[in-house]
Amino acid sequence: MPILLANIALGLVVASLIVILLHRGEHAQRCIAVLHSRLYAAQHDPLTGLPLRGLWRDTAVESIATMSQPVVLFADVNGLKQANDRYNHATGDALLNAFAAALRANFGRTAVIGRLAGDEFIILLDAHTLDSDQIRLAVTRCTVDGAELNLTHEDFTAGAAFGMAISRSTNRTPATVTPSTKDCDWRVRRLMTHADDALKDAKALCHSPGYSQPTALTIYKVSEATDGAPVVTGTRGMAALPR
């Protein structure tokens, strides 16, 4: 009898420990879920759901390692101030959401798309997946009209200025060789710098007298420096795109 009682007592103790551990496990899982939720919120734009600058940069550095001819585009939405001032900020938010959806739809699932701040977005893609002509076509389609913003009786169309930097040459690194994170980060930063410069030209075109198109694209072709030396900016071309 004492042995039986001892075994029962031991069983109760073990069962109690299991219950406590399970309870703590559930609590730990809830804590982990909360942390994941907070991390996601810190890395993604709450309006469009796109990655913010930090996450976009990390993803771009990882993705560019396998790209043959990487392209970076900056996009600055036209008409946001007009939407906010003429209508309201809810309309401005709807414009940004619609533009983000247009980027996703036209540049494809393989593109790394992010929102930098305000009306600025950024895209990384491989020219072997989407060539220059296809990119031009995608840009022309990234417009938002009044109907998409429930402005059914208003004449409203918003596009964007696009600055694009593309590597002149394709990546000749053997497939068996994985470029270092440092090299990939350098390539992303270089293309971002030139795409930002190209964006300034595209924005100037959008605001120039007589220019009536909703979108504009400036393309900078960037020379590849195989030895890691400072890059020399390649040719600069301005392309006004029809609707």
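**Ground rules.** I'm looking at a predicted model, where local features need pLDDT of at least 70, side-chain atom pairs count only at pLDDT 80 or more, and totals for chains, interfaces and linings use all residues. Residues are numbered from 1 along each chain as its sequence is written, and side-chain values use heavy atoms, with hydrogens and water left out.

**Overall.** I looked up the elements and found six helices and eight strands (DSSP runs, H or I of at least four residues for helices, E of at least two for strands, numbered from the N terminus). I also checked burial: 40% of the 243 residues count as buried (under 20% relative accessible area, 1.4 Å probe, protein chains only).

**The core.** Next I looked for nonpolar cores (sets of buried Ala, Val, Leu, Ile, Met, Phe, Trp, Tyr and Cys residues joined through side-chain atoms within 4.5 Å). The largest has 38 residues, and Leu-73, Phe-99, Phe-107 and Phe-162 touch the most other members. Helix α4 gives the most to this core, eight residues. Apart from it I found another core of 25 residues, including Val-61 and Leu-205.

**Helix α5.** Which residues of α5 are buried? I got Ile-135, Ala-138, Val-139 and Thr-140, in a helix that spans residues 132-141. Their cover includes β1, α4, β3, β6 and β7. At the N-terminal end of α5, Asp-131 is the cap, with a side-chain oxygen 3.2 Å from the backbone nitrogen of Asp-133.

Technical notes: Buried < 20%, exposed > 50% of the residue type's maximum accessible area, 1.4 Å probe, protein only. Contact = heavy atoms within 4.5 Å. Polar contact = N/O pair within 3.5 Å; in protein donor to acceptor, adjacent residues only side chain to side chain.
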